[in-house]
Amino acid sequence: MSAARTALDAVYYIPHFVTIEEEEYLIRKIQGSPLHAWKQLKNRSNGIISGGELTPRNVLIPKPFPSYVENFPPLISRVTATHAFEGSPHHAPNHILMNEYLPGQGIMPHEDGGAYYPVVATLSLGSHALFHYYQYYQEGSPDVSDRRDTAATSIDPNPVATLLLEPRSLVITTGSLYKCHLHGIEERTNDQITLDGRLADLGVAIDNWNQLGSEQWKCRRDSEAVVPRTTRYSLTCRDIPKVAAVAAGSLLGAMRR
Ligand SMILES: O=C(O)CCC(=O)C(=O)O
Ligand SMILES: [Fe+2]
């Protein structure tokens, strides 16, 4: 079995995870968040954290989720119903990171690290993105002798898997794709997508081509389309195993605020 095939066993793509009305509502809520809620996050665009902050020792100081992810849409329970978090300590996500990407912005290949249970569910809103999974160079591969010995060059730039994340879709990453691979989004203002499901400039196949929810990618007269990116919001849902005990009084206080 090829590395890409094995890797793909650990990823699930669900189109139409939220409706257009829910998407519009979520985007309105995210855009209406107070300025102080937005944080400049390491290696990435601006983000809003909900569910609580992490201490340097990776302990979550829990905070109630805003109603727009608990109730409308019932995102937490809908993500939980996928069973993706069945084996996780809380059997449900307890933390959401919202990222904003303007056209031309992306996120460098990275691993999410050990603070989280190794399952991540990511909802895309507003714009599509091309999401790549990468591997580290394997010992003995022909490229190893050529590269300089730095962390940056130890990543194989050819993705092991590439997904087209449509607006309103959910992607769940588990297993070796979470634990041993990296993931990232290239910084582009548009993507050149061929009618047979390839990225023309990178020469890679889109692995979820047959699972896409919209026909817009396939019903075209030209064989290759330049698809502009617009502003994308992503909601990355995770389970943080270590949670600090918070006194009931302070939780009630937080809920009233
Ligand atoms: O925005 C995304 O789709 C990915 C975000 C991500 O990888 C992260 O926040 O760690
Ligand atoms: Fe990540």
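Author: Helices (H or I, at least four residues) and strands (E, at least two) are DSSP runs, numbered from the N terminus. This is a predicted model, in which local features need pLDDT of at least 70 and side-chain atom pairs count only at pLDDT 80 or more, while totals for chains, interfaces and linings use all residues. Residues are numbered from 1 along each chain as its sequence is written, chains are lettered from A and ligands numbered from 1 in the order in which they are written, and side-chain values use heavy atoms, with hydrogens and water left out.

Reader: How many helices and strands does the protein chain have?
Author: The chain holds 257 residues, of which 46% count as buried; buried means under 20% relative accessible area, exposed over 50%, and partly exposed in between (1.4 Å probe, protein chains only). Its secondary structure comes to six helices and 17 strands.

Reader: What share of the contacts in the protein chain with a separation of 6 or more comes from residues 24 or more positions apart?
Author: Contact means heavy atoms within 4.5 Å. Among contacts with a separation of 6 or more, the share from residues 24 or more positions apart is 81%.

Reader: In which strand does Gly-184 lie, and is Gly-184 buried or exposed?
Author: Gly-184 belongs to residues 182–185, which form strand S12. Its relative accessible area is 1%, so Gly-184 is buried.

Reader: How far apart in space are Gly-184 and Tyr-134?
Author: Not counting residues up to four places away in sequence, Gly-184 touches several residues, including Leu-130, His-132 and Tyr-134. Gly-184 and Tyr-134 are 50 residues apart in sequence, and their C-alpha to C-alpha distance is 8.0 Å.

Reader: Which residues are the protein donors of the iron ion (ligand 2)?
Author: Donors are N, O and S atoms within 2.8 Å of the metal (3.2 Å for Na, K and Ca); water is not among the atoms, so sites may look incomplete. In sequence the donor residues are spaced H-x1-D-x70-H. Lying 2.1 to 2.2 Å from the iron ion, the protein donors are His-110 (NE2), Asp-112 (OD) and His-183 (NE2).

Reader: How many residues apart in sequence are the parts that Asp-112 and His-183 tie together?
Author: Asp-112 is buried, because its relative accessible area is 14%, and His-183 is buried at 11%. Asp-112 lies in the loop between strand S7 (107–110) and strand S8 (120–125), and His-183 lies in strand S12, so the pair ties together parts whose separation in sequence is 71 residues.

Reader: What distance separates the end C-alpha atoms of helix H2?
Author: The expected span of a helix is 1.5 Å times one less than its number of residues. Helix H2 (residues 20–31) has 12 residues and should therefore span 16 Å; in agreement, its end C-alpha atoms are separated by 16 Å.

Reader: Within what arc do the buried residues of H2 fall?
Author: The buried residues of H2 are Glu-22, Glu-23, Leu-26, Ile-27 and Ile-30. The arc is that of the directions from the helix axis to the C-beta atoms. Seen down the axis of H2, the buried residues line one face of the helix, because they fall within an arc of 130°.

Reader: Which residues are exposed on the other side of H2?
Author: The face discussed above holds buried residues, among them Leu-26. On the other side, the exposed residues are Glu-21, Arg-28 and Gln-31.

Reader: What is the phi of Asn-58?
Author: Asn-58 stands in the loop between strand S4 (52–54) and strand S5 (60–62). Asn-58 is not a glycine, yet its phi is positive, at about 65°.
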